[in-house]
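Please read this note with the model open beside it. It is written for someone who has not looked at the structure before.

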Amino acid sequence: MLRNILAGQQEGDGLRLALIQPEIPQNVGAALRLCACLGVGVDLVGPFGFVLSDRRLRRAGMDYIELADTRRYSGWTAFAEATPARKLLLTTAGDRSLYGFAFRADDVVMVGSESAGAPECAHTAAAARLRLPMRAGARSFNVALAAALALGEALRQTGGLPDDGEERA
């Protein structure tokens with residue numbers, strides 16, 4: 001697991017999830033598991049609020065982390081320079097719902113840290129700032145849950161959902 005993450009393995013250039021300055025290893029583990037199951041790449045953009053080899057990351061991601069296409073960047077500049085794809089930011093300050101947005105198969109969906117959200121550079125670089133609809137009085141979704149909703153919608157729109165082999169009626 002950690003060899004893939006630390007070595008920055010690179011496979012495809014399809015839809016990706018970028019975790020910008022994550023602070024909670026369990027959320028990173030959950031996002032890695034989500035992306036491994038969906039076939040979506042993951043970009044881990046530092047600095048990190050924990051030691052990347054933290055056992056809680058391994059526990060949350062379980063053996064699915066071995067399947068994740070991961071890239072690790074020391075910071076925003078390295079990520080931005082290496083990632084020419086269209087960047088979309090999930091943010092409570094978004095100006096449009098992700099459900100009214102047209103995703104492309106090579107988009108990078110970005111989420112910020114759990115406590116501070118995304119840094120200003122991510123807001124500036126985003127081609128679109130998207131929000132998830134919530135009931136009045138709710139502040140925000142957990143970053144892994146927000147990522148699951150956004151990636152599910154992006155994959156649905158682009159025909160990228162994995163085929164589970166079941167016949168459809």
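1. Overall make-up. The model is predicted, and what follows should be read with that in mind. The chain contains six helices and seven strands. Followed along the sequence, these elements give the pattern α-β-α-β-α-β-α-β-β-β-α-β-α. The chain has 169 residues, of which 48% are buried. Taking contacts between residues at least 6 apart in sequence, 80% link residues at least 24 apart.

2. In soluble globular proteins, nonpolar side chains tend to be buried together. Here the largest nonpolar core has 35 residues, and Leu17, Leu19, Leu90, Phe103, Val109, Leu130 and Leu151 are those with the most contacts inside it. At least two core residues come from each of these elements: strands S1 (16-20), S2 (41-45), S4 (87-90), S6 (108-111) and S7 (128-131), and helices H2 (25-38) and H6 (143-158). Another core, of 12 residues, lies apart from this one and includes Ile20, Val45, Trp76 and Val108.

3. Leu19 as an example. Which residues does Leu19 contact, leaving aside its neighbours within four places in sequence? They are Val28, Ala31, Val42, Asp43, Leu44, Val45 and Val111.

4. The H2 and H6 pair. How do these two helices run relative to each other? Their axes come within 9 Å and cross at roughly 15°. An angle under 35 degrees counts as roughly parallel, and H2 and H6 are therefore roughly parallel to each other. The crossing is right-handed. On the H2 side the contact is made by Asn27, Ala30, Ala31, Leu34, Cys35 and Leu38, which meet Val143, Ala144, Ala147, Ala148, Leu151 and Leu155 of H6. Sorted by type, the residues of this contact are 11 nonpolar, one polar and no charged.

5. Leu149. This residue also belongs to helix H6. Is Leu149 buried or partly exposed? Its relative accessible area is 33%, so Leu149 is partly exposed. Not counting residues up to four places away in sequence, Leu149 touches Tyr99, Leu132 and Phe141. Leu149 and Tyr99 are 50 residues apart along the chain, while their C-alpha atoms are separated by 9.7 Å.

6. His123. Helix H5 (residues 120-125) holds His123. Buried means under 20% relative accessible area; the value for His123 is 16%, so this residue is buried. Leaving aside neighbours within four places in sequence, His123 is in contact with Leu89, Thr91, Ala118 and Arg129.

7. Two backbone features to check. Most residues other than glycine have a negative phi, and most peptide bonds are trans. Where does the chain hold a cis peptide bond? The bond from Gly46 to Pro47 is cis, with omega near 5°. Pro47 sits in the loop between S2 and helix H3 (55-61). The other feature concerns Gln21, a residue other than glycine whose phi is positive, near 50°. Gln21 lies in the loop between S1 and H2. With a relative accessible area of 27%, Gln21 is partly exposed.

How values were computed
Residues are numbered from 1 along each chain as its sequence is written. This is a predicted model: local features need pLDDT of at least 70, side-chain atom pairs count only at pLDDT 80 or more; totals for chains, interfaces and linings use all residues. Side-chain values use heavy atoms; hydrogens and water are left out. A nonpolar core is a set of buried Ala, Val, Leu, Ile, Met, Phe, Trp, Tyr and Cys residues joined through side-chain atoms within 4.5 Å. Buried means under 20% relative accessible area, exposed over 50%, partly exposed in between (1.4 Å probe, protein chains only). Helices (H or I, at least four residues) and strands (E, at least two) are DSSP runs, numbered from the N terminus. Contact means heavy atoms within 4.5 Å. Axes are lines fitted to C-alpha atoms, for helices over the stretch in contact, and angles run from 0 to 180 degrees between N-to-C directions. Angles under 35 degrees count as roughly parallel, over 145 as roughly antiparallel, 65 to 115 as roughly perpendicular and the rest as oblique. A crossing is left-handed if the near helix is turned anticlockwise from the far one by less than a right angle, and right-handed if clockwise. Ala, Val, Leu, Ile, Met, Phe, Trp, Tyr, Cys and Pro count as nonpolar, Asp, Glu, Lys and Arg as charged, and the others, Gly among them, as polar.
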